[in-house]
Amino acid sequence: MDVAYDWNRLPTPKHLSEFEAKWSRRTTPVDFSGVWRFRELLPFAQTSQILTIGEGQTIIQKADVLAQKLGMRADSLHLQYEGMNPSGSFKDNGMTAAFTHARITGARRAACASTGNTSASLASYCSATGLMRGIVFIGSGKISYGKLAQALDHHALTMQIAGDFDDAMARVQQVARRLGVYLVNSINPFRLEGQKTIMLRVLEALAWEPPDWIIVPGGNLGNSSAFGKAYMELKDLGLVKRIPRLAVINAAGARTFDTLVNEKNIRWNQGNPDNPAIDTFFKDLDAHDGRANTIASAIEINRPVNLLKCLRALEVMNGAVR
């Protein structure tokens, strides 16, 4: 499922610099938010429906020391630091959009599978807004305890199941369908609408000039999919002339996307990916009980729910996977 807009019927900016006018209106919550100040580019909700807790106050930092160690020139490497979000995670960019959509639908319970960040973000929004009760599914020992503490502090109901994140993800989808619980993992397309704005803040910090490359870790592939959608829409609207390249980095012990792209030669193919080959890959993974195993617990995922959308992002952004 994807969120598509009829841009011909919507007011859109003529230039990205028009968003700068909102910098002076920081006493207005939707303009203070680093997500919703770009609401003309995610126009699925009326201003009165938006739920925000001040997310998106994040900055881009020059990383000259790291650039030097990598043999790059000064001023050529930047890091987008999303740890300054209210829950300490980039997930808040998407959670504010998901909660806004949940409010529109009248949802009263929200659930996620999590290795840490999603659970903390979900619980924070539940607590701050009082909109929904949060339910978190975690695998056996597969969660950041600091993030779990955040979820518990905000009174989320936490359920541990036998298995890993992929098992928890499968189970929470079953529960959401059967019990009518609102699912806030990045399989929810409204999550990705909020995460598009990470790229808008990057552009904002670079005086609206796209960088050469965007490098992002790949787990469930939500961020990379959102980034591709952001640039696809910006190019279609004539708001950028050039699209940066995208590099998605898998962990060595959780390299489903790397395998499919670089070994199985799977491509988006203008909306016609080789679905039978993808299905065969996952059947073989199941037959051998293939499990992700990496110290990078946040991306310890073998069955990314945004696989197809990330294939699209690679096509849009002439991307690479490692």
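**Entry 1: the four-stranded sheet**

In what order do the strands of the open sheet of four strands stand, and is their pairing parallel or antiparallel? I read the order as β5-β4-β3-β6, and the pairing is parallel. I note at the outset that the model is a predicted one. The edges are held by β5 (157-160) and β6, each of which has a single partner strand, so one side of each is left without a neighbour in the sheet.

I then looked up the pairing of β3 with β4. Strand β3 covers residues 109-113 and strand β4 covers residues 133-138; five bridges join the two. Within this pair, I found Ala-113 opposite Phe-137 in β4. I also looked for a helix on this sheet: α6 lies across β3, β4 and β6, and runs at about 160° to β3.

**Entry 2: the three-stranded sheet**

I turned to the open sheet formed by three strands, whose order is β7-β8-β9 with parallel pairing. Here β7 (213-217) and β9 (320-321) are the edge strands; each has a single partner strand, so one side of each is left without a neighbour in the sheet. Five bridges connect β7 with strand β8 (residues 245-249). I recorded Pro-217 as standing opposite Ile-249 in β8.

**Entry 3: domains**

I consulted the domain assignment of the chain, which gives domain 1 (1-195) and domain 2 (210-321). Their C-alpha centres are 19 Å apart. To the contact, domain 1 contributes 26 residues and domain 2 contributes 24 residues.

**Entry 4: the second largest pocket**

The elements that supply two or more lining residues are α6 (165-179), β6 (182-183), α7 (189-195) and α12 (307-316). Of these, α12 gives the most, with four residues. Sorted by class, the lining holds 12 nonpolar, four polar and four charged residues.

**Entry 5: cavities**

How many cavities of 30 Å³ or more does a search of the whole structure find? The search returns two.

I took the largest cavity first, with a volume of about 50 Å³. Its lining consists of Trp-7, Leu-41, Lys-196, Leu-200, Ala-230, Glu-233, Leu-234 and Leu-237. Helix α9 (residues 222-236) provides the largest share of that lining, three residues. By class I found six nonpolar and two charged residues, with no polar ones.

The second largest cavity has a volume of about 40 Å³. I listed Gly-218, Gly-219, Leu-221, Asn-250, Ala-254, Thr-256, Phe-257, Ile-301 and Pro-304 as its lining. This lining has five nonpolar and four polar residues, and no charged residue.

**Entry 6: Asn-117**

Last, I looked up Asn-117, which belongs to helix α4 (residues 117-129). Leaving aside residues up to four places away in sequence, Asn-117 touches Ser-89, Lys-91 and Lys-147. I also checked Asn-117 against Ser-224, which stands 107 residues away along the chain; their C-alpha atoms are separated by 17 Å.

Notes
Residues are numbered from 1 along each chain as its sequence is written. This is a predicted model: local features need pLDDT of at least 70, side-chain atom pairs count only at pLDDT 80 or more; totals for chains, interfaces and linings use all residues. Side-chain values use heavy atoms; hydrogens and water are left out. Ala, Val, Leu, Ile, Met, Phe, Trp, Tyr, Cys and Pro count as nonpolar, Asp, Glu, Lys and Arg as charged, and the others, Gly among them, as polar. Two strands pair if DSSP finds at least two bridges between them. Contact means heavy atoms within 4.5 Å. Axes are lines fitted to C-alpha atoms, for helices over the stretch in contact, and angles run from 0 to 180 degrees between N-to-C directions. Domain bounds come from an automatic or database domain assignment. On a 1 Å grid over the protein atoms alone, a cavity is a set of points where a 1.4 Å probe fits but cannot get out, and a pocket is an open set with protein on both sides within 12 Å along at least five of seven lines; lining residues have an atom within 4 Å of a point. Grid points are joined across faces, edges and corners, and a volume is the space filled by probe spheres set on the points.
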